[in-house]
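Please keep the picture open while you read.

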Amino acid sequence: MNYILSKIFAFFLAAIAAITGLFHAPAQPVRDLTVELSANPTTGCSWEVNMDKEGIVKLVSSEYKSSQSKSDEGLVGVGGTQTFCFEAVKDGQVIITFKYGHKWDGKVYRTVIYNVVSKDGEISVLSTIDTNK
C-alpha cells in the first residue's frame, strides 16, 4: 500500500512541478552524487531518506555542518547544511525522496525528490522536485 501511495504522490508532485516550475533540468553524470539541503536540528527537525528501489545507488555518508561562525557559538536556532553522498551500485533508475520534519509527530515541512539513473558507475539526475521552491 505504501508503495502505491508513494507512486501516486510522486505522480502528483511531478504534475504540480510541471505546472508551477518546481521541476529542475537534468544534470551531467557524476561519479558520486552529492545532495546539500538546508537543515536546523535545533528545531527538532531532521531529514529522512527513502529510495523506491534498493541496490541501484547507495547512501555512503550523511553529514551536518552548522553555519555558525565563531561569534555565533552557543546560539540556539542557527541552521546549517545536511550533505548526503551517494555512489552508484548497479545500472538502473531510482527515485530518492528526502523528507524534512519531525519524526515524533509525522509532520513534513519540505520534500525533495531526485529521479536518478545509475549507468556504468555514474549517476545522472533526470529531474528534481522541491516543495520548498
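A polar contact of 2.8 Å links the side chain of Asn115 to that of Gln93; such a contact is a pair of N or O atoms within 3.5 Å, where within protein one must be able to donate a hydrogen and the other to accept it, and residues adjacent in sequence count only if both atoms are side-chain atoms. This is a predicted model, in which local features need pLDDT of at least 70 and side-chain atom pairs count only at pLDDT 80 or more, while totals for chains, interfaces and linings use all residues. Residues are numbered from 1 along each chain as its sequence is written, and side-chain values use heavy atoms, with hydrogens and water left out.

**Around Asn115**

You will find Asn115 in strand β7 (residues 108–119); strands (E, at least two residues) are DSSP runs, numbered from the N terminus. Asn115 counts as buried because its relative accessibility is 18%, and buried means under 20% relative accessible area, with exposed over 50% and partly exposed in between (1.4 Å probe, protein chains only). Leaving out residues up to four places away in sequence, Asn115 touches Gln93, Val94, Ile95, Ser124, Val125, Leu126 and Ser127, where contact means heavy atoms within 4.5 Å. From Asn115 to Met51 the C-alpha to C-alpha distance is 9.8 Å, although 64 residues separate them in sequence.

**A sheet of three strands**

Now look for the open sheet with the order β2-β5-β4 and antiparallel pairing. Its edge strands, each pairing on one side only, are β2 (32–39) and β4 (57–66). Two strands pair if DSSP finds at least two bridges between them; β4 and β5 (residues 80–88) have nine, in the antiparallel sense.

**Salt bridges**

How many salt bridges are there? The count comes to two, taking a salt bridge as a side-chain nitrogen of Lys or Arg within 4 Å of a carboxyl oxygen of Asp or Glu.

| Pair | N to O distance |
|---|---|
| Glu87 and Lys58 | 3.5 Å |
| Asp130 and Arg110 | 2.6 Å |

Glu87 lies in strand β5 and Lys58 in strand β4, so this pair ties together parts that are 29 residues apart in sequence. Glu87 is partly exposed, at 29% relative accessible area, and Lys58 is partly exposed too, at 42%. The pair of Asp130 in strand β8 (residues 122–130) and Arg110 in strand β7 links distant parts of the chain, 20 residues apart. Both Asp130 and Arg110 are buried.

How values were computed
Helix = DSSP H or I, 4+ residues; strand = E, 2+ residues; numbered from the N terminus.
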